[in-house]
Protein chains: 2
Amino acid sequence: MVQHGGSGVLASVQDDFPRWYQDVLEKAQLADNGPVRGTMVIRPYAYAIWEGMQADVDARIKRTGAENVYLPLFIPESYLEREAEHVEGFSPELAVVTHAGGKELTEPVVVRPTSETVFGALMAKWVQSHRDLPMLLNQWANVVRWELRPRLFLRTTEFLWQEGHTAHATAADAAAYARRIHLEVYRDFLQDTLAIPVLVGVKSPRERFAGAVNTMTCEAMMGDGKALQMATSHELGQNFARAFDIGYTDASGTVQSCWTTSWGSSTRMMGGLIMSHGDQAGLRVPPRIAPIQAVVVAVKDDERTASAASAVADELSEAGVRVRLDVRGTPGFGRRIVEWELKGVPLRIEVGPRDLDAQQVTLARRHVMGKTTVPLDRLSAAIPPLLEEMQSEMLAQARERLAARTTDVETVAEAIAAASTGFARIPYAALGETGEDELAAKAVTVRCLQTEDGGLPAGADQDGLVAIVARSY
Amino acid sequence: MVQHGGSGVLASVQDDFPRWYQDVLEKAQLADNGPVRGTMVIRPYAYAIWEGMQADVDARIKRTGAENVYLPLFIPESYLEREAEHVEGFSPELAVVTHAGGKELTEPVVVRPTSETVFGALMAKWVQSHRDLPMLLNQWANVVRWELRPRLFLRTTEFLWQEGHTAHATAADAAAYARRIHLEVYRDFLQDTLAIPVLVGVKSPRERFAGAVNTMTCEAMMGDGKALQMATSHELGQNFARAFDIGYTDASGTVQSCWTTSWGSSTRMMGGLIMSHGDQAGLRVPPRIAPIQAVVVAVKDDERTASAASAVADELSEAGVRVRLDVRGTPGFGRRIVEWELKGVPLRIEVGPRDLDAQQVTLARRHVMGKTTVPLDRLSAAIPPLLEEMQSEMLAQARERLAARTTDVETVAEAIAAASTGFARIPYAALGETGEDELAAKAVTVRCLQTEDGGLPAGADQDGLVAIVARSY
């Protein structure tokens, strides 16, 4: 039997991160493999976290003025051939419906790998005059890309995502809007809600999205020091508008081609959440996104304890805390604690006979595994600010790891060495013409380019950029 | 050219209801055909209404204790063969993926027509002990059923829906839960939020869902007197649990088969909303579901009017009203009014110079097309209760039509005659053994069976039931 030095429940987060990840998915009841290879079942607890992500990202998207639509799952094969780089990028991953309604179809239809081409065709129809611009659209949907090496949440044949597509009258307007989405929607959501510090930057031309003139990315560091791309935003110039004939009549009556953008984030963020914050005891969910912020656990299976626990839960629920009450007789207290730690519930409130005698409850904060007590009459005043404090502390913890495992280097060889445990920062110019090839040979890539002070540059051709280099998922 | 006696914008709602429906979808920018036959593009305004429906239904479902999950789009063909009645019902409608990732698949996969079989397989795994029961699950997703005669929102190849699946320890618990979903989720949502009065009843054995022992339905009357099935809830007895081996160990250690239920509602409700409330000027959206409850329209294109209109919009928005400000210079006032009437915005608030001189605004209520005025300083106090009043009035209007177009009859011939303009109520016993065949020959069906006083019976075999008979969508 394999010894993995873990908690007994999970493989060791230090020694076998991939297996630890699989274990967390299973033991915390987050996800399961679907019956068709590469597909995924998202279980209630993980889906509740995803619903929280969706609601938060959606509200941020709407604040920028974009509206949601729903486009069809099926796309005619011919649509994908309209943008050459597009079809090349996707064709090996397509799932094709050849039979339907009991017959063979005359033209096979593709299950959308993205709705980009359909957005293109519709925008060409919907945009006529400069008064129709900007046109700001977004969609929440499932998409399919056949995966040969699937990994739950990170790379699955089907995944859930949002894709935004916008058309603008000028390059400047398109660039400003894409930048706003990237910073105010993605970066702020990831940092403020998921407590995941992200590096915002642009992709190098080699790593850029096919057809884009500029790709912005949010890169996060996982628990094993590898990078995960959490969201990307693309300026598509006029390439896409020309391929799809998205034009408008300007104020002087001249027909102009639009400037378009696209941007997306997906259930991959669930993988990022688990791998950013998880530890040897399981998942750790930041309070703002937690479906259960506090679980009230009765320490003893008797009437007095249960009714006191229930009163505590009611009071906190009244105070706006998302609470779960656990007064189960079985399994025993110890096993129930392990369950809630696995699920990463931020705050566990233990109610036991001795606590009650002292007019208090015991608090166990998941992010530090430390215990304190709080008087019963201070509950509603103390818990909500405590949750906010924990949220900040989780972000600070993740920031510390990011800083500790990021190394400034000068050469490609040093960058490769640093990437075995974390991120390397190297002057982009130092990579020269062959640097990205040399990195690639060691399964290391340029994750993004930043300004010297860690800012988001306007594009990859700006002078003095710094490359963030890492292994990645 | 065809004269259709309509408003000039829409075909006549009286004379050509199907064409009127198509016109509303197009002119109010609700939906479009997708590029693959039978598929649908849901445009921003309609999608915003759907989001409102989803949020409301979802909150009601969660209140019953059910949790959301997400199951894969793709199902192995073999899964569908496990429940004989199930595969028979769906096989002519299936879309089949035969090629993926550039290769032919060894086992073709089906695009889910429902996730029923996957829920079955998962519940068999997740339910072990009586402590796991009841297991209450729900999913929001897209499903595909190849349609030969598609009609936007009513019958489309792909549609959005929720499907609930639950497993219980006893028949009584399953029946009580399905009934609760049917009344507290579906009926109450349709009546209280969509202002659509529905007849709740059970399906006759002929109309019952394949494999169910009892099917409950909510039937609504559309503007042309035809019925639309808005939602259904099924008791599946132990049939489904046996086919999928969903069993549990009871307190005494004996393995028992579960009792299961399923229940669903879909984007078809959008069609029902349009066809229930629409009139010659377009859609009419009840205030509680309206994405825009009030539009503030500047009557003149000048500074003073625009800034007053903007202040009105801000004030109402502060008061919790979902407001849109319309201070566009073009198109002219008349065309803008037609637009907002087409979209069915409940309340139009006109701000013009004469109104401002009199320290008031003009209110146009969409559901009665009547105008009144309200003093500027009464706005936040007056509008929210006015919207609630309008909500009640729309439900009352729909109830009146339902009552006026429902006829009590004694014979099948009378029922068929009454169904040409509305619903017929006939003692179920009066249909005898051949009644449903005779109705079917005239494209008329038993929509549901109710108790004498219009209540929801426990099942179709109860004595003294009344059949509601109608043509339907």
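The legends below describe close-up views of a predicted model.

**View 1. Domain 1 and domain 2 of chain A and the surface between them.** On the domain 1 side, Val9(A), Ala28(A) and Tyr45(A) supply 74% of the area buried against domain 2 of chain A, which is more than any other three residues supply. By class, the side of domain 1 of chain A that touches domain 2 of chain A has four nonpolar, one polar and one charged residues. The count of salt bridges between these two domains is zero, while the count of residue pairs in polar contact is two, both at pLDDT 80 or more.

View 2. The closest N and O atoms of Arg60(A) and Asp56(A) are 2.7 Å apart, and the two residues form a salt bridge. An α-helix has 3.6 residues a turn, so residues three or four places apart point the same way. Arg60(A) counts as buried at 14% relative accessibility, and Asp56(A) likewise counts as buried at 19% relative accessibility.

**View 3. Two salt bridges of chain B, Lys203(B) with Glu219(B) and Glu388(B) with Arg288(B).** In one of them, the side chains of Lys203(B) and Glu219(B) meet at 2.9 Å, N to O. Because Lys203(B) lies in the loop between β9 (199-202) and β10 (214-221) of chain B and Glu219(B) lies in strand β10 of chain B, this pair ties together parts that are 16 residues apart in sequence. Both Lys203(B) and Glu219(B) are buried. In the other salt bridge, the side chains of Glu388(B) and Arg288(B) meet at 2.6 Å, N to O. Here Glu388(B) belongs to helix α11 (residues 379-404) of chain B and Arg288(B) to the loop between α7 (268-277) and β15 (294-298) of chain B, so the pair ties together parts that are 100 residues apart in sequence. Glu388(B) is partly exposed at 36% relative accessibility, as is Arg288(B), with a relative accessible area of 38%.

**View 4. Helix α1 of chain B and its buried residues.** In helix α1 (residues 17-27) of chain B, the residues Phe17(B), Trp20(B), Tyr21(B), Asp23(B), Val24(B) and Leu25(B) are buried. The buried residues of α1(B) pack against β1 (31-33) and α7 of chain B. Just after α1(B), Gln29(B) takes a positive phi of about 55°.

**View 5. The interface of chain B and chain A.** At this interface, 54 residues of chain B are in contact with 54 residues of chain A, and the area buried between the chains is about 4,200 Å², of which carbon and sulfur atoms give 64%. Four salt bridges are found across the interface of chain B and chain A; the side chains of Glu51(B) and Lys62(A) also meet in a salt bridge, at 3.1 Å, N to O. The interface of chain B and chain A also has 22 residue pairs in polar contact, both residues being at pLDDT 80 or more. Strand β5 (residues 95-100) of chain B gives the most to the side of chain B that touches chain A, with six residues, and by class that side has 32 nonpolar, 10 polar and 12 charged residues.

**View 6. Cis peptide bonds in chain A and chain B.** In chain A, a cis peptide bond with omega of about -10° joins Leu133(A) and Pro134(A), and Pro134(A) lies in the loop between α4 (116-126) and β7 (135-144) of chain A. In chain B, a cis peptide bond joins Leu133(B) and Pro134(B), with omega of about -5°, and Pro134(B) lies in the loop between α4 (116-126) and β7 (135-144) of chain B.

Methods:
Residues are numbered from 1 along each chain as its sequence is written. Chains are lettered from A and ligands numbered from 1 in the order in which they are written. This is a predicted model: local features need pLDDT of at least 70, side-chain atom pairs count only at pLDDT 80 or more; totals for chains, interfaces and linings use all residues. Side-chain values use heavy atoms; hydrogens and water are left out. Contact means heavy atoms within 4.5 Å. Buried area is the accessible area (1.4 Å probe) that two parts lose on being put together, summed over both. A polar contact is a pair of N or O atoms within 3.5 Å; within protein, one must be able to donate a hydrogen and the other to accept it, and residues adjacent in sequence count only if both atoms are side-chain atoms. Ala, Val, Leu, Ile, Met, Phe, Trp, Tyr, Cys and Pro count as nonpolar, Asp, Glu, Lys and Arg as charged, and the others, Gly among them, as polar. Buried means under 20% relative accessible area, exposed over 50%, partly exposed in between (1.4 Å probe, protein chains only). Helices (H or I, at least four residues) and strands (E, at least two) are DSSP runs, numbered from the N terminus.
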